[in-house]
Amino acid sequence: LDLGDILLREYKADVDNPGRDALYAKAVSCYERAAEYCKVPGKESERNEILRRMAEMYADANNYDKALEMVAKSRESAALPADRWAFRMIEGECLRRDKKPYEAAAVFGSIVDECGDNALWAEALVDKGQTLLDAATDENLLKAYLSKDGKELLPPSALAKQELEKERRAVLSSAAADFERTLTKASVLDKATAKAKIGLLKVCIAKGDMSSAYEMVNNIRTSAMPMRNKAESLILLAQFHEKQGDYKNAIKILETCAQEYPLSSTFVPVSLSLYDYYKKSDQWEKAFDIAERLISSGVDNATTKKIIDDFDPGKSEMLDMMRTNGDRDKYIARLQAMLEKVKDSKPELWKTCQHQANLIITTIFFISEKYPQAEKAIAGSLEAPMLPAANGDQLLYLDLECALRSGEPAATVLVRAKRYMAAYPSGKHYQTALAAMLDAYYELGLYDSALDISKRMYM
């Protein structure tokens, strides 16, 4: 059992390890063997503890069928009331996350009705409210909930849409009632209190009630709730403004959040939201600052790749901002440092994006008219193993353009044009290479060759 716990912790900690699935499989094997050893009289409590851990493990991996299988197995033997309620909570959470809102609400509701523990009562009630809130804010979940609740859904029509909205508001009101009821018994410092207040904020947002949303956020921020929940309330409020196209206030709120709650648990979501808002409002310098901060903090591979993609030529205006900025050289140095950070700290990710990174650096040198640096970057990029054809095509084209724009001798232009055409006879810049060859031949006085090129261009 302890070995299974250790393997599972390693699996959860090393999210970027491609071999982490083997750790998960070994953890499962350890738990299964431990459960088998405890399948004897007198070991029911130990076996239920193992089954509970396995159920939570499967639920965390979104394997809800296996998690519910563990819950079912727990019913095969006697158990303490606390263990039974724990399994019921896991069952409800699995059903909720598996998009079965009616069944989940029923499980949580039965716990509320039957348990005599105030803390568990509050936790189950707030989870029931969250289940109803999920249904009220997702049309497919709402239809699934109503169909199980015996409601007859009309065929698609304007009337059906009105009826569905009426039902949605009723479910939303039920969710709000559960959250408010939770607050009547839950302790100020209970997790259920925080979840209930956040739930009420989400209800305000779902209703489109900006004034009530602000009141709820102020209530949360002046309460004894954990800082992460206060930060979450500001993030939700910013998202509310974003949905209305109000990026100015969304940014202002998130900047406040970053200053007041600089926690590791909220740093990434707040920074990513700010990053997206800055991009959408064309504040590319601030977006660059956030990107640099995220890379420096060592965020996960997916976030790192998303940021690198935003520097990819043609995908955003980040490189254009760098090119036109008065501190262009400093920005280039900062970008190089960011990519070096990725190379050193994430070798597995670097293997998949090094060609993209090389092209980004080459492109920024090129559009900044730093042709010697661009040519040096091109030379290094062309030597990298397993160069994708599309990258090679672009690099050789940029190499040719460097020669043209820096006024290098016609012979140099001719060599680079021929190199491109030989490497990519069907390349997208083939006509550009032909035109460069034509001009070079004329400049060199090789008129017969120039005439041949003219015929090829015409054909």
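Predicted model: local features only at pLDDT ≥ 70, side-chain atom pairs only at ≥ 80, totals over all residues.
Close-up 1. Asp399 touches Glu375, Ile378, Arg416 and Arg419, leaving out residues up to four places away in sequence. The residue belongs to helix 21, which covers residues 389-405. With a relative accessible area of 5%, Asp399 is under the 20% cut-off, so it counts as buried.

**Close-up 2. Helix 10, residues 191-207.** Helix 10 has 17 residues. At 1.5 Å a residue they should span 24 Å, and the end C-alpha atoms are 24 Å apart, so the two values agree. Of the 17 residues, 12 are buried; helix 10 is therefore largely enclosed by the rest of the structure. Among the buried residues are Ala192, Ala194, Ile198, Leu200, Leu201, Val203 and Ile205. Thr193, Lys197, Gly199 and Cys204 are also buried. Gly208 follows the helix, with a positive phi near 75°.

**Close-up 3. Leu335 in the largest nonpolar core.** This core holds 122 residues. Phe288, Phe311, Met322 and Leu335 have the most contacts inside it. Leu335 itself is in contact with Phe288, Phe311 and Met322, and also with Leu319, Ile360 and Ile361, neighbours within four places in sequence being set aside.

**Close-up 4. A second, separate core.** This core has 26 residues. Cys38, Leu51, Met57 and Ala59 are included in it. In soluble globular proteins, nonpolar side chains tend to be buried together.

How values were computed
Residues numbered from 1 in each chain as written. Heavy atoms only, no water. Helix = DSSP H or I, 4+ residues; strand = E, 2+ residues; numbered from the N terminus. Expected span 1.5 Å × (residues − 1). Buried < 20%, exposed > 50% of the residue type's maximum accessible area, 1.4 Å probe, protein only. Contact = heavy atoms within 4.5 Å. Core = buried A, V, L, I, M, F, W, Y, C linked by side-chain atoms within 4.5 Å.
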